[in-house]
Amino acid sequence: MTGIKSIIKRYPQNPILTPDDVPYPVATVHNAGIVKHAGSYMMLFRSHLHNGRSIIGLAKSDNGFDFKVMPKPFLVPAEHGIFAEYEEFGVEDLRISPLEDYYTLTYSAYSRHGARIALARTRDFERVERIALISQADMRNVVVFPKKFQDRYVRLDRPHTEITPWSIWISYSPDLVHWGDSRLIMKPLQYHWDELKVGPGAPPFRTDRGWLHIYHGVFQTMAGAVYRLGVALHDLKDPSTIIGVSDQWILQPHDPWELTGYVPNVVFTCGAVPEEDGTVKVYWGGADTVMCVGTASIADLVELCLNDPRPPM
Ligand code: BMA
């Protein structure tokens, strides 16, 4: 039914988290950042409240498949100061990058002024400290590499513009707060599964051959947009150089909870966990309503980027 060899093997007990698993009232559970911390999988997932605005919850697991949601939300819109002004309409699609002594958290802050990116950090998934708003509007989908390159932090992001197709850019920072030297590095490809837009997905992780980045791509159909996942490989020393982008998607909506829900035909990732056995657990929101997981061989994903590439631009 998927039409291509399934690169990501879906966990048979998907979905792994639904609104019913959350001990406070929510309409959805999706687009979660995830990381392994002190032997546990920590998942920071997005939920729509019943007023249509989003907050971030925390779920924990020992095996990456069975998650328990904590009784209280992890991050809700700030009530004071500059963050309150820009988070008024909600916080969305959080990514987690282990960086030095902290986990760096990047998320979309929504307000009457548009969508922009906020950066926060946590050490223990109990206390969270907001650091800075790191973009203007209109920006979403910021992922930070889990390492510095020549003393600078590096991020991928996706500005909105009507002038060029929605594409992936790279930027650099000495301190995680001030960003610059921005360049466009990857664009949607015309008449291709990701022709409408591409955007960063999970924070990239290191492989022997390069940094592997699982991104999302969108195709417009007569029945609306379809969100799928793809994969790109970035140079180990210079992440602005893309070594290869798989021509094929690696996941498309297929299961009933991916085909219908809050937004139909969506698989959308904000997190993946590489494991020591050479596999990666990829986490995605199904139809913006539930959380799912699947497993892929890292070597297979790398091979797709190297052996079956499409041009990055
Ligand atoms: C994007 C973002 C995601 C969402 C996706 C599909 O623009 O809003 O949070 O999962 O659309 O609705």
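Colleague: Which residues surround the ligand?

Modeller: In this predicted model, the ligand is surrounded by Asn 31, Arg 46, Asp 93, Arg 140, Tyr 227, Val 263, Val 266, Phe 268 and Asp 288. By class, this shell has four nonpolar, one polar and four charged residues.

Colleague: Why are Asp 93 and Arg 46 called buried?

Modeller: Buried means under 20% relative accessible area. Asp 93 has 8% and Arg 46 has 8%, so both residues are called buried.

Colleague: How do you know that Asp 93 and Arg 46 form a salt bridge?

Modeller: The criterion is a side-chain nitrogen of Lys or Arg within 4 Å of a carboxyl oxygen of Asp or Glu. For Asp 93 and Arg 46, the closest N and O atoms are 2.9 Å apart, and the pair therefore meets the criterion.

Colleague: How many salt bridges does the whole structure have?

Modeller: A search of the whole structure finds 13 salt bridges. One of them joins Glu 275 and Lys 36, with the closest N and O atoms 2.6 Å apart. This pair links distant parts of the chain, 239 residues apart: Glu 275 is in the loop between β19 (267–274) and β20 (279–286), and Lys 36 is in strand β2 (residues 30–37).

Colleague: Why is Glu 275 counted as buried, and what is Lys 36 called?

Modeller: Glu 275 has 12% relative accessibility, and the cut-off for buried is under 20%, so Glu 275 counts as buried. Lys 36 has a relative accessible area of 39%; partly exposed lies between buried and exposed, the latter being over 50%, so Lys 36 is partly exposed.

Colleague: What makes Asp 181 exposed?

Modeller: Its relative accessible area is 52%, and exposed means over 50%, so Asp 181 is exposed. Its side chain meets that of Arg 152 in a salt bridge (2.7 Å, N to O). Arg 152 is partly exposed, with a relative accessible area of 32%.

Colleague: Which residues of helix α3 are buried, and how do you know that they line one face?

Modeller: The buried residues of α3 (residues 298–307) are Ile 298, Leu 301, Val 302, Leu 304 and Cys 305. Seen down the helix axis, they fall within an arc of 155°, so they line one face of α3. The face turned away from the buried side carries the exposed residues Ala 299 and Asn 307.

Colleague: What caps the N-terminal end of α3?

Modeller: Ser 297 caps that end, with a side-chain oxygen 3.3 Å from the backbone nitrogen of Ala 299.

Methods: Residues numbered from 1 in each chain as written. Predicted model: local features only at pLDDT ≥ 70, side-chain atom pairs only at ≥ 80, totals over all residues. Heavy atoms only, no water. Near = heavy atom within 4 Å. Nonpolar A, V, L, I, M, F, W, Y, C, P; charged D, E, K, R; others polar. Buried < 20%, exposed > 50% of the residue type's maximum accessible area, 1.4 Å probe, protein only. Helix = DSSP H or I, 4+ residues; strand = E, 2+ residues; numbered from the N terminus. Arc of directions from axis to C-beta. Polar contact = N/O pair within 3.5 Å; in protein donor to acceptor, adjacent residues only side chain to side chain.
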